[in-house]
Amino acid sequence: MTRPLPDDLLKVPHRRDVPFARLTTLGVGGLCRWLFEPTTEGEAQAFVRACAREGLPWRVLGGGSNLVVLGDIDTPVLRLALPKIVQRDGTRITAPASHGHIALAEAAAAAGLSGLEFASGIPGSLGGAIRMNAGAYGREWVDVLARYRFITPDGELVEKAPEAGEFKYRWSFLTGGRVVLSATAQLAEGNPAAIRAQVAEYRAKRGTSQPLSKRNAGCIFKNPPGQSAGRLIDQAGLKGLRVGDAEVSPEHANFLVNHGRATAAEFAELMEQVRTRVRERHGVELEPEVEIWREHP
Ligand code: FAD
Ligand code: EPU
């Protein structure tokens, strides 16, 4: 960062030069030069307001489970560190965006509330899951989302119920400087044993179809309408394709795995090779599901 950061921004708790390898599930990337970790909504709002006032670009990070970071990132990165308190009101639960996503699904199950079983194998934070409208096994967040709270790009607080067009498959409008602060799920009273059994079934399915023993970022590409990206990549014969320590998983072709020493550049190169070969073989343009952060050419 060539420009000095303003004093009010620097009052927000922050750390310097944190490797993205520690902030992402894929375990690659350069340094996060400025990692801001507000512990209150007010501090998060102060961060957004200061950046808006100064015209400073910034980014928001959750659990880093859907992210490939190329090189160092100089622009300030916001990662919420709000107290992990889950509030229950009847069959509704509200949690801060920085709450662990799987931990939230487990808390709901332990409380005998049904509706978040689908979420029990999706890592990352609740905020990232709302932003991505994360889903599995025929359900996605918008199906249970009753209300959510976010900061606007100008630093205003908004709390509302979801409306048509705000959430789609692996997409929401919560980008472009919007920060999810918390979310409320409308769940239903359930039979604790049945909830546990459903969670166990989903976990078992994941265990057999996804390469969970190696670092990865989930599915790399979105499924094209009516098709499975994994099947298309598999049919193109790309399982096991490798660039350095980055590999198209032999278990599930839409997962790229890190054999230990992969670099972000290797993942970017492998993604490009996969896209090209699927285009050539099937005439389908795959759209990345993972977000790619890059600041330096
Ligand atoms: P990050 O990776 O940190 O960020 C992802 C995006 O969300 C970025 O654009 C970031 O800027 C934005 N973001 C993060 N926090 C906020 C916030 N508070 N406000 C606004 N924007 C924010 N995904 C599925 O949908 N279904 C699955 O079944 C699934 N399975 C997976 C399995 C594995 C093993 C892994 C590693 C990943 C899987 N994923 C799956 C992908 C990933 O876990 C989800 O997309 C997850 O919801 C991302 O959350 P995160 O907090 O890690 O977000
Ligand atoms: N398939 C293959 N070869 C492969 C992988 C899959 O032929 O290498 C076939 C499977 O046999 C199956 C079909 O493709 O017939 C679909 O595969 P799977 O059931 O594994 O589901 P998917 O479409 O690949 C989606 C989500 C996952 C989510 C699962 C379970 C996307 C991009 N992926 O995977 O989400 O966990 O369904 O609901 O939507 C993610 O988004 O990161 C993610 C992991």
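**Entry 1: the ligand.** Which atom of C219 lies 2.8 Å from an oxygen atom of ligand 2? I found that it is a backbone N or O atom of C219. I count a polar contact as a pair of N or O atoms within 3.5 Å; within protein, one must be able to donate a hydrogen and the other to accept it, and residues adjacent in sequence count only if both atoms are side-chain atoms.

Before going on, I noted that this is a predicted model, where local features need pLDDT of at least 70, side-chain atom pairs count only at pLDDT 80 or more, and totals for chains, interfaces and linings use all residues. Residues are numbered from 1 along each chain as its sequence is written, chains are lettered from A and ligands numbered from 1 in the order in which they are written, and side-chain values use heavy atoms, with hydrogens and water left out.

Y137 also places a backbone N or O atom 2.7 Å from an oxygen atom of ligand 2. With K239, an N or O atom in the side chain is 3.3 Å from an oxygen atom of the ligand. I then looked up the cover: ligand 2 taken alone exposes 820 Å², and the protein buries 72% of that (Shrake-Rupley method, 1.4 Å probe).

**Entry 2: the shell.** I listed 20 residues around ligand 2, with Y137, Y169, C219, N223 and D234 coming nearest (a heavy atom within 4 Å counts as near). Helix α6 gives the most to this shell, with three residues. I sorted the shell residues into seven nonpolar, seven polar and six charged. Domain 2 (87–208) and domain 3 (211–291) each supply at least three residues; the bounds come from an automatic or database domain assignment.

**Entry 3: salt bridges.** How many salt bridges does the structure hold? I counted 24, each a side-chain nitrogen of Lys or Arg within 4 Å of a carboxyl oxygen of Asp or Glu.

D72 and R33 meet at 3.0 Å, N to O. D72 lies in the loop between β4 (67–70) and β5 (77–78) and R33 in strand β2 (residues 31–36), so this pair ties together parts 39 residues apart in sequence.

R59 pairs with E295 at 3.3 Å. R59 is in strand β3 (residues 59–60) and E295 in the segment after β21 (291–294), so the pair links parts 236 residues apart in sequence. I noted R59 as buried, at 19% relative accessible area, and E295 as partly exposed, at 25% (buried is under 20%, exposed over 50%, partly exposed in between; 1.4 Å probe, protein chains only).

Technical notes:
Helix = DSSP H or I, 4+ residues; strand = E, 2+ residues; numbered from the N terminus. Nonpolar A, V, L, I, M, F, W, Y, C, P; charged D, E, K, R; others polar.
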